[in-house]
Amino acid sequence: MNHTPRVARVLRLTSLAAVIGISTALAACADKAFTPSQATLSRKFSLQITATGLLSQVATKPLFLMVGAVYRGPPQGTEDDGIRILSLTWSRVVQGTQSVTLPVDIAPCLADATRLGSKDGCTMYLAAGILPDSFNITTDSGGKDPFMNAYDVQFPIGPFDVVPGRAPTIPAIDLSLSRFGAVAWEKDEALRLGGAVSPNAQSGVLGIAPLSGYTNGAGSTVIFALSRGSDFPAPTNNQINNFQTYPQLQINQNGKWRRLTATTAATSTNFNDVSALTEGDVYISSTGGLYHYDGSAIAKVAAVTDSLNSVASVTAGTSRYVIAGGEGGVVWIGNTATWQRYTVGVTTRIDGVCITGPNEAFASSSTNGGLFRFNGTTWTSVPGPTNSAKLDLQCPAAGQAYVLTQNGPLLRWSGTGWTQLSTTGLSPGRLIRWGVLSSNEIYAYGDSANVDRAFYRFDGATWREISRLRFTQSGGRPWPDARGGGAYVLSSFGRVERMTATSATAISYMPPLRDAIMTSATSAFVVGWNAFLARWDGVKWTVDAPPPATQTIRILQGVWSDGPKNAWAVGNSNTIYRYDGTGWSVVSDFSKQLSGTPDSYNGVWGSGADVWIAGSAGITHCRSTTSCSVESGGNVMYGLWGSSSSNIFAIGAGGRIQRYNGTAWTTMNSPTSRTLVRISGSGASDVWAVGDSVLVHYDGTQWTDVPLTFKTSWLASRAPSSLQNLFQLGLWARGPKELYMGGDNGQISRWDGTEWREVTLGEPYLRRIIAITGAGGCAIAITEGQTDFVQPTVWRGIGPSGCQSSPMVGPTNWP
């Protein structure tokens, strides 16, 4: 684990050259007040700080005491705070008394005509902090904030007007190992199945080609999928403003994804379909023609020039054949070396193709329902249902072809025409998609009313249901695995499901998360799209299925809990779920509007058995799982937080702020007209709210606007989320001098009562931090997928005692 600082937001350590001049000797320890002695009135003086009674933790947790001297000048640019380093030194914290000598030369300050403060001397400030031993002063100093992962930091201490012959009076410096709830943040992927570069929530998987036995002889399946992304994993600020995305080939080997970006393709090119002959012989249809992956790079097949929608391939004997369908009835066929262009009897797009060898191929058009067969020389139309879109065209062997008709029969090629396949065993009312391995092994699935997905296997005579999962979002056709058996289903949100003869399981999934609540080191809940429900028990995450018979397309926007046996989740279409320690139940949904008012719920907060819910139609109060009513209607509200059941704050559109006194809601004076979305507090006189480029604070008397300087302006959301029209940012107030706020580009910043400091790695991940929560010396932050950049799904906030210092254990089952 490495808690190394990466980006400066307070101290920019631009020069650590050896200096001579004013000498300051210090000694410090944790959890004590340090009282310096009076310095002597001379050009050189020392401030003696004595430390005793160090914590026992120091013996097992090496720490640094770092002390620096700085002065201020005018900011140089929009991201310069004007701080100029005079000197910096550090020493290991050990048990007993210790002393640190801080050489300071104020000559650079006196020579700087633009310095702020005293013009007769140097107005100097001190900074002190306790750092983990992972900080390396040699490698981690230039341009970085040394106090980014500090256990405690005090800055600024001062000002002190320093001139030769005049010594400053330095106050006590109080440092503590337990000052902050999170001393470091680490990336974690426990809530993403398939690894850190699995397909994301937006692009999803567009095509897939499973191959068993082709992973360097290891025998595990290789899966090829398509997406879009940049050619750099984490863009710089300049790249963010000018970045381009390219089509990508994603490869899943041994359960983990990796990405290959086609930087030679035009940025406007989209990959549409993929077919693999071997691990190093993969063809991709695209709007820019046909592309080939040889195991190391992606290159365009120069001979094929048309925009292509579909592609398929086959090995026949010792030869390999590829077919691709395009716009205007165009079909290309090649043996990987030479290519021939054909047109079939339609002018519409060819979005289904398959081939069994040089003398047999099929093509279909979903636009006019046409079906066509190639005999090695010419294309002819073949009989079949007309005026019906054709889906999932497949040719498992010579003389065999299968195709689905939308909302119609399942068809098999008889040699002269199409015959209907038996549907015995298939559940009625489900739109079937299939993958054909042979006439005696066909896999299929069908979704039902957005409630569940059923999986089936055909043995040549009848269909048999093999499994059900609770995911129903935008599935494509199954891709059969001719070498390993079974088939794979692709869906949106990077979801890939594998079917075998006896089961169906998810092997890849990036759930779009929306909210989180942590009540202790052993209890946390996370919710999101597709009725996503996850629980943390201190050991591992568990993903729960939504309540039986409920629609899984619901977006859960908010969650609240006061312990592992009591949680409430809310979302769109009047959705309210309750967890009682054993399972989730429905309190309200679209068909059971308990409040009597149609609403989409955005946030929830509770106290004991009572919960209050912020929604687009106002504020709803649930006194039990059977009694909910609208308490304050007519306004779009997004978030709630309370210090007690008789002191609750609600925020919403137009900067609206309301307060509940235990009896009634009243409107408070708001300092902003901008939308407020997240709210958190540490007490009745310390409440914060964040929203559309605005941050406000309540001190127990009034709400005030907190100006967004360069250190905080990049934290606030400036545009609606791409996944939901909310300015939703993470916000967690742990104490009056400890506030954490998330930003659009993956940053988390901490307010310590004096300064804002960035505490996550400063690379702009372009994944919004939408929720931050913590308790019991632990914290987590969750992110929302906005782009296809590589980025974490969860940030673990590591507490001073080491809570969550190890990667979280992910779910064993993804329903």
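The structure holds three cavities of 30 Å³ or more. The model is a predicted one. Its largest pocket has a volume of about 1,200 Å³, and four disulfides are counted in the protein.

**Largest cavity**

- Rolling a probe the size of a water molecule over the atoms shows where empty space is left.
- The largest cavity contains about 90 Å³ of space.
- Its lining is made up of 13 residues, and those nearest the centre of the largest cavity are Arg-470, Asn-530, Phe-532, Val-543 and Pro-815.
- Sorted by class, this lining of the largest cavity comprises nine nonpolar residues, one polar residue and three charged residues.

**Largest pocket**

- The largest pocket has a volume of about 1,200 Å³.
- It is lined by 45 residues, of which Val-311, Ala-312, Gln-394, Arg-477 and Trp-479 are the closest to its centre.
- Two or more lining residues of the largest pocket come from each of the strands S13 (271-278), S17 (308-316), S21 (352-357), S25 (390-394), S29 (431-438) and S33 (479-480).
- Strand S17 supplies the largest share of this lining, with seven residues.
- By class, the lining of the largest pocket consists of 25 nonpolar, 11 polar and nine charged residues.

**Second largest pocket**

- The second largest pocket has a volume of about 580 Å³.
- Its lining involves 32 residues, and the closest to the centre of the second largest pocket are Ile-517, Trp-641, Ile-679, Ser-680 and Thr-773.
- The elements that each give two or more residues to the lining of the second largest pocket are the strands S37 (513-520), S41 (556-563), S45 (601-607), S49 (637-644), S53 (676-683), S57 (731-735) and S61 (768-775).
- The lining of the second largest pocket divides into 19 nonpolar, 11 polar and two charged residues.

**Disulfides: overall pattern**

- A disulfide is a covalent bond between the sulfur atoms of two cysteines.
- The count for this protein comes to four disulfides.
- When the bonded cysteines are numbered in sequence order, the pairing reads 1-2, 3-4, 5-6, 7-8.
- The pairs described below include Cys-109 with Cys-122, Cys-354 with Cys-395, and Cys-778 with Cys-803.

**Disulfide Cys-109 to Cys-122**

- Cys-109 and Cys-122 are joined by a disulfide with an S to S distance of 2.2 Å.
- The torsion about this S-S bond of Cys-109 and Cys-122 is about 100 degrees, and the disulfide is therefore right-handed.
- The pair links distant parts of the chain, with Cys-109 in helix H2 (residues 107-111) and Cys-122 in strand S6 (residues 122-132), 13 residues apart.
- Cys-109 has a relative accessible area of 0% and is therefore buried.
- Cys-122 is likewise buried, because its relative accessible area is 0%.

**Disulfide Cys-354 to Cys-395**

- A disulfide with an S to S distance of 1.8 Å connects Cys-354 and Cys-395.
- The two cysteines lie 41 residues apart in distant parts of the chain: Cys-354 is in strand S21, and Cys-395 is in the loop between S25 and strand S26 (402-405).
- Strand S21 is also among the strands that give two or more residues to the lining of the largest pocket.
- Cys-354 counts as buried because its relative accessibility is 4%.
- Cys-395 also counts as buried, at 14% relative accessibility, since buried means under 20%.

**Disulfide Cys-778 to Cys-803**

- Cys-778 is joined to Cys-803 by a disulfide with an S to S distance of 1.4 Å.
- The torsion about the S-S bond of Cys-778 and Cys-803 is about 50 degrees, so this disulfide is right-handed.
- This pair too links distant parts of the chain: Cys-778 belongs to strand S62 (residues 778-784), and Cys-803 to the segment after strand S63 (794-798), 25 residues apart.
- Cys-778 is buried, with a relative accessible area of 1%.
- Cys-803 counts as buried at 16% relative accessibility.

- Strands of a sheet pair through backbone hydrogen bonds, either parallel or antiparallel.
- Strand S43 (residues 575-579) and S44 run antiparallel and are joined by four bridges.
- Tyr-579 has Trp-584 in S44 as its bridge partner.

Terms used:
Residues numbered from 1 in each chain as written. Predicted model: local features only at pLDDT ≥ 70, side-chain atom pairs only at ≥ 80, totals over all residues. Heavy atoms only, no water. 1 Å grid on protein atoms, 1.4 Å probe; cavity = no way out; pocket = protein on both sides within 12 Å on 5 of 7 lines; lining within 4 Å. Points joined across faces, edges and corners; volume = space filled by probe spheres on them. Nonpolar A, V, L, I, M, F, W, Y, C, P; charged D, E, K, R; others polar. Disulfide = S-S within 2.5 Å. Buried < 20%, exposed > 50% of the residue type's maximum accessible area, 1.4 Å probe, protein only. Pairing = 2+ DSSP bridges.
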